[in-house]
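Good morning, and thank you for coming. Please look at the sequence and the structure while I speak.

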Amino acid sequence: MNWLVALPEIALAILAMAILLVGAFAPKPGAFRLASMLSLGALLITTGLVAVAPQGIGYGGLFVADAFSRFVKVVILASAALAIILSLDFNEREDEMARFEFPVLILFASAGMLIMVSANNLMTLYLGLELQSLALYVIAAFARDTLRSAEAGLKYFVLGSLASGLLLYGISLVYGFSGSMDFSRIATALLAPKPSAGLIVGMIFVLTGLSFKIAAVPFHMWSPDVYEGSPTSVTALLGSAPKVAGIALLLRVMLVPFGHLLPQWQLLIEIVSIASMVLGSLAPIMQTNVKRLLAYSAIGHVGYALMGLAAGNANGVTDTLVYLATYAFMALGSFAVIIAMRRQGRPVETIADLSGLGRNDGALALVLAVFLLSMAGLPPFSGFFAKLYVFLAAVHSGLWTLAAFGIITSIFGLYYYLRIVKVMYFDAPAGVFDHRAPSLSFVIAATGIVTTFFIVVLGPVTAAAQAAAQALLG
Amino acid sequence: MNQAGFPLLSLLTFLPLVGCLVILTVRGDEATVASNARWAALWTSLIVFVLSLVLWFEFDRGQAGFQFTERLSWLPTYGIDYRMGIDGISVLFVLITTALTPIAILSSWTAKVRVREYMLAFLFMETTMIGLFCSLDFVMFFIFFEAVLIPMFLIIGVWGGEKRLYAAIKFFLYMFTGSMVMLLGILALWFHAGTTSIPVLLQTPLSRDMQFWLFLAFLAAFAVKIPIWPVHTWLIDAHREAPIAGSVLLAGVLANMGGYGFLRFSVPMLPNAAEYFAPLMFALGVIAIIYTSVVALVQRDMLKLVAYSSVGHMAIAVVGIFTFTVQGIEGSLFRMLSHGFITAALFLCVGVLMDRTRSQSMDGFGGVVHRMPFFALLFMIFAMGTVGLPGTAGFIGEILVIVGALKVNFWVAFLTAITLIISAVYTLVWYRRIIFGALVRPDLKALVDLNGREMAMLIPLVALTLWMGLYPSSFSVFFDATVGAMAQQHVAAIAGTTHLAAALPMAGVIR
């Protein structure tokens, strides 16, 4: 038995538990910082292990490590590490946030995400997803004395549990009608000329459950509230790594076990994608809170990423992977800028608070403008290439309606991104933000550089994503 | 490798970015930064201009194909390469861009606020403008086509007039909408041909239906850029609010991007659709010519007057392109180039007056000639150029377009020719109001004539106006071969499809 295929996950889980112990015994004031640093180290070690761990199927077919999972895992680990760096300063400035459990919970969530993308069995999938979700429920409510955070955590938990229930119900149907939870056996069962209706209903429940987790329309209702209510360092995490993991999981589930049902689910994904893009481009126009605005825009981006899945072939997978990789950095970067929005020690988060940022803090305004224009899909930033790729994937598969909606919603999207740029550059200054911590500047600079100069590494990243897509579809 | 022996076009394109880096490293107090930024920007753009002169001397004028080509593998699996090259159509657009950028920088010499960022915007914009004309890959073209919006948005929005915000956002949304529609067309073409290389796409035959939709998709982007009536409204606001330097580049280069797009993509790639839509383009062009000229007649705002005349002039270029004759296309190229520097010069002239009087309305103006005789002289040459007086650059373009249009349809030619009369009316009325008459307004008494910097901006443009008017063949030799080949190809393509249609008994059904 090839147990080494899960080496990164095992190592990460063990390291996380070790850091939990260290945190418990370390002297109180420095415990958070110590645990954070150790967690960063753990993520670094795990990334190294992801690179060197053998590929293949292990644990009796429960677990698979391939080029696909490797690509996604690197993105997830990088996002988690950046989220921890973001929390360093933010959590210390907030009441009762600087606790050593915070980075440890992020580690557990990351371990869950890694397991999700390596799942080769519905049971592994569920375990990974729940490990991730439980850790995330807790950190969403981490500022437990503030009403909004507690509310966000509870909302996230209740709706997340509902999604898990739907998912489990779907899994049970699939198991009942195909006789197996193993991805390859389900695929074989679906080869029958007329797959049973129960199997299709089960698949739809699985799809619904996963759509809840990635907040695609019409299962998105929880996300704006959770994004707005959670502490911003948590929102930064929620907006990046879990989305990447969730969509990657969706790619694998829909294309590997349910790949033969493509004609049945393609239209569903198209509808979900279009609905997400439309909502993600119209709803933000009315928002005044930046976090809420970005939550809606994230829903839209899920819609764009799903275009690649709707294409249903290796090209589409490649394009979705590139989209996820670029989006994770844009999202983290823009939330980092929101974390930097702080006056007299208190965080501020309305669009009006950004007024005149271009004059007060040119560099910060410039980077935020880059993120926003990149999300709008303007060259030469990374978001443009991501959009170009998914549009191309849709066109390649003949999904013209989808591509047309993508184009139209991009235009509406530009409007509200531009509105923020306008507020930053042309409105009267609203006062200077507090001094930024170096850790925050580091994340902002790093994500800004990735977004601006993505064009340079476009070739290699595309090649890696193509290898990943090949691994997934064989 | 190309004639220059090294990647000249890439150097021209990305050298301004090096200038940006230099400006970014400038340290010191605000005055030092501003002065250093100005000089660094000016020198960078001058070096780029001098380098671009290599194109003028080394370009092989007898050849119709792409020259100075460069190619690097970029995304091989997607069929995208980094490809640069120019032909007879693009070479002069590159040159006009490199020539107008230093002039624009000179004209913004007196800007006071955030000079460093201002200069950065100009240099970044030069990169995107040159890159656009040199791109031989449709995706690269699109990247530059879109990237040019960012600096222009900032130039209008940060350094513009009173309603600058409205104008900047309107500009951005119009442009972005047009180009996103074009993107859909590019994707379709890309999917169909498997590559985005422009030389390959030029040889790819496309079905009639596909041409029809692609033409509409490209029209959305290029019509907004040129701009054609009825999507010209952004331009009026943009010119009114933009700083003079922004207007210079808007009129001199950005408008030409639309015309270049028609000549590079719509006409040669989609011959049947272009033929099919030609009457529509004529109609839009003629409406624009007459409508804008009449509107210009009643303008009291000088910037708006020049803006409307600019729309009218570009409409003449559009009419010329869609005649598909050698004369028409050459005429429209002349029209675009001469519009590029004459309209830019008119904006500069208005800028000179605005600098001195802080007003852009013609009310109360008069008698400027008594205080600024030299300015009045230069202004007159540009006014004659925009009217299309023989001997100036404006004339060549107009007469060729009219000749080209005559070959196609008398009434199109006739209505286009009307512009000669109306534009003469509004330009001369405007000129008389400002320059002649008595000095009424007290503040005009203190006017001083052009200073050295203003001369340095305007005199090269005067020289160009007269040179192109008196000896046009030193410009037309660049594009004679290319345009000849293009017109021939168009005729062959149309003949090919009609021939095919005639040969097939079912052709009517298939179509």
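Two residues are in contact when their C-beta atoms, placed from the backbone, lie within 7 Å. This is a predicted model, in which local features need pLDDT of at least 70, side-chain atom pairs count only at pLDDT 80 or more, and totals for chains, interfaces and linings use all residues. Residues are numbered from 1 along each chain as its sequence is written, and chains are lettered from A in the order in which they are written.

I begin with A:Leu324. Which residues does A:Leu324 contact, leaving aside its neighbours within four places in sequence? They are A:Val75, A:Val244, A:Ile247, A:Ala248 and A:Ala305.

A:Leu324 also belongs to the largest nonpolar core, a set of 391 residues, where A:Leu324, A:Ala336, A:Ala394 and B:Val248 touch the most other members. Such a core joins buried Ala, Val, Leu, Ile, Met, Phe, Trp, Tyr and Cys residues through C-beta atoms within 7 Å; buried means that 20 or more other C-beta atoms lie within 10 Å of a residue's own. Helix α14 of chain A, residues 314-340, gives the most to this core, with 18 residues. Helices here are DSSP runs (H or I, at least four residues), numbered from the N terminus.

I turn now to the two chains. In chain A, 23 residues are in contact with 23 residues of chain B. The elements of chain A that give two or more residues to this side are α17 (382-396), α18 (400-426) and α20 (454-473). Of these, α18(A) gives the most, with 11 residues.

Methods: Buried ≥ 20, exposed ≤ 12 C-beta atoms within 10 Å, placed from the backbone.
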